[in-house]
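Here is a short briefing on the structure shown below. Keep the sequence at hand while reading.

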Amino acid sequence: MAALSTIPLNSLLSSSSASTTPAAPTSHSAQGRRPATVLVPVQLKETRWPPHPFPASPFSLLLKCHSLRELRQIHAAVVKSGLQDDPPTLTKLITFCSLHPTPSTMLYAQQLFDRIHHLDDALLFNTMARGYARTPTPKRALSLFIDMLERGVSPDDYSFPTVLKACASSKALEEGRQVHAMAAKLGFHANIYVCPTLINMYAECGDVRAARCLFEQTVDRCVVSYNAMIMACARSSRPGEALALFREMQAEGIKPTDVTMLSVLSSCALLGSLELGRWIHEYIKKNGLDSYVKVNTALIDMYAKCSSLDDAVRVFGEMDTRDTQAWSAMIVAYAIHGRGDLAVNLFEEMKRDGIRPDGITFLGLLYACSHAGLVDEGLRYFHSMNSGHAIVPGIKHYGCVVDLLARAGRLQESYQFINDLPIKPTPILWRTLLSACGGHGNVDLGRRVFERIIELDDSHGGDYVIISNMYASVGRWEEMNSIRKLMKEKRAVKMPGCSSIEVDNTVHEFFSGDGKHPQSRDLHRMLDEVVQQLKPIGYVPDTSQVFHADMTEEEKEMSLRYHSEKLAVAFGLINTPPGTTLRIVKNLRVCVDCHSMAKLVSEVFNREIFLRDLNRFHHFKNGICSCSDYW
DNA sequence: ATAGGGTTAG
């Protein structure tokens, strides 16, 4: 296991001015993941798309209609004037539908499309496919493409972006590959519109390697290719690689756009690096990209995830237009910082402002309620989704409700809620309940839930750990041992804990049990000292969550000291001046012992500590945590 | 008509 991994921020930032200087590539992760296969380099060529000679139709007023009902009225008029088979008129109608794609407009478009018998160019296929690619049934765009080929109509350079978009949104990797092969055969793969869509298709289908491979082959990369690739890295949790690409594009003299900044900010949020985030915010301002609503929304998210709720609030306050997404991001920001009350207030304000909430707004709101213990409000909001806002709850909303009830100790209700769901519950849903059973010490329900989980997925080590600890805590050793045996049999492994802390523009990573860090001895000496200072004021190591039951109490206590978040805290205490705020990011949920220790450290050592968990923030200050011990 | 797009339960 890697003992230490550092990401030198300086190399990512290179300089504080907008025009960065080229430097040697530093992102070892980017280098390390460079694909082995290098095919023939392709040159990006811009093809001019001539304005399409849209055939004239007497029904040009179509462009002004906004509903299917109006469209039908116009169609009736078309029929009345005997133009129902006039190709220009049909084209116009279909184009309108595809620009406003919903299942019903597309159904209507398909009926019109089927009336046309002589299709000899790609135009109408493209138009139809464009509409389908943006509906819940993108696969239809794919079958339309195949239909086009079968009818002997050759695809043009507009056919490929459309069909690739459809592959991307339906995650059809195999089909995407075939389309790629065909584009290559017809010489469209280096087209300036096709190439970025190919990168995006591979990325969205989960094959980041293929995306990167394609990206590496293109000699003359444009902004859009860079944007697609940076987004691919950010989405697959490779922030270092994304930021390295960001620097690389600047070195190549390509000017980043608002879209670039969205991925860069999202990478920054993943890293949790506030200093880097502030630098990027400056960069955005300098380059005049701060007027985009989406960029500001990404800034809110970045600041919230880099532990500065104040900055998030400031960005939100300074926006002059705010859409649903901006409000949602701010609600989520309050929620992850444990300010359920403010999230709820903001939601009410949003409704007063006449902004329509969407599914994600409700996700943030329910999340806020469950983390703040606002059970009844949460349930009320959940029920208002269908009745008041015509939003159909999805699996994630159900997950929030399960959590809402279970976290508050209403375990039976939560169990019943999962059982009564109209859809098949996922292991994640049960897992949510299991961890709440652990927290509330309900062993019997926990066992039933555990059995439901392993029917569905027996590879998740965390589940075995929770149930085994529950047995241990009530002294049911035999059952505990059989769980541990089962875990071994199934080769289920628990993800190792990893925490990182940013000191002097460098992110330092610590893994649990990490004894190989250069400062390892200092860290442990520091932790000994911390424990010595905390014990008199009531710190009692909480060994109840230690998995290995055959350890002595002392061994358990020592094993706790190797937790990655403690190492990160110790590192921060040693390497920063007194009083400096510590900002730590952890890949799992924080354990009870580390949580209570962090509270005491914040008091005794007079430090503010922001600890970003797998799913929320803990802000320790003067001996208390912003989560009020409800997490 | 043309490519890339932020917020998302545990």
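Chain A folds into 31 helices and seven strands. The model is predicted. Of the 631 residues in chain A, 52% are buried.

**Overall build**
- The accessible surface of chain A is about 29,400 Å². Carbon and sulfur atoms hold 54% of that surface.
- Among contacts in chain A with a separation of 6 or more, 66% join residues 24 or more positions apart.

- Residues 222–256 are 74% helix and 0% strand. The end C-alpha atoms of this span are 10 Å apart.
- Residues 323–357 are also described by 74% helix and 0% strand. Here the end C-alpha atoms lie 10 Å apart.

**Helix 6 against helix 8**
- Helix 6 spans residues 123–133, and helix 8 spans residues 159–169. Their axes are 9 Å apart and the packing angle is about 25°.
- Angles under 35 degrees count as roughly parallel, so helix 6 is roughly parallel to helix 8.
- The crossing of helix 6 and helix 8 is left-handed.
- Helix 6 brings N126, A129, R130 and A133 to the contact. Helix 8 meets them with S159, T162, K165, A166 and S169.

**Helix 23 against helix 24**
- Helix 23 covers residues 411–419, and helix 24 covers residues 427–440. Their axes come within 11 Å and cross at roughly 170°.
- Angles over 145 degrees count as roughly antiparallel, so helix 23 is roughly antiparallel to helix 24.
- On the helix 23 side, the contact uses L411, S414, Y415, I418 and N419. On the helix 24 side, it uses L429, W430, L433, A436, C437 and H440.

- Most residues other than glycine have a negative phi.
- S237 sits in the loop between helix 12 (223–235) and helix 13 (239–251).
- Is S237 buried or exposed? Its relative accessible area is 51%. The cut-off for exposed is over 50%, so S237 counts as exposed.
- N606 lies in the loop between helix 31 (592–604) and strand 5 (609–612).
- N606 has 53% relative accessibility, so it counts as exposed.

- M526 is part of helix 28, which runs over residues 520–534.
- Relative accessibility of M526 is 14%. Buried means under 20%, so M526 counts as buried.
- Which residues does M526 contact, leaving aside neighbours within four places in sequence? They are A570, L573, I574 and F605.
- M526 and A570 are 44 residues apart in sequence. In space, their C-alpha atoms are 6.1 Å apart.

Note on methods. Residues are numbered from 1 along each chain as its sequence is written. Chains are lettered from A and ligands numbered from 1 in the order in which they are written. This is a predicted model: local features need pLDDT of at least 70, side-chain atom pairs count only at pLDDT 80 or more; totals for chains, interfaces and linings use all residues. Side-chain values use heavy atoms; hydrogens and water are left out. Helices (H or I, at least four residues) and strands (E, at least two) are DSSP runs, numbered from the N terminus. Buried means under 20% relative accessible area, exposed over 50%, partly exposed in between (1.4 Å probe, protein chains only). Contact means heavy atoms within 4.5 Å. Accessible areas come from the Shrake-Rupley method with a 1.4 Å probe; for residues, only the protein chains shown count as cover. Axes are lines fitted to C-alpha atoms, for helices over the stretch in contact, and angles run from 0 to 180 degrees between N-to-C directions. Angles under 35 degrees count as roughly parallel, over 145 as roughly antiparallel, 65 to 115 as roughly perpendicular and the rest as oblique. A crossing is left-handed if the near helix is turned anticlockwise from the far one by less than a right angle, and right-handed if clockwise.
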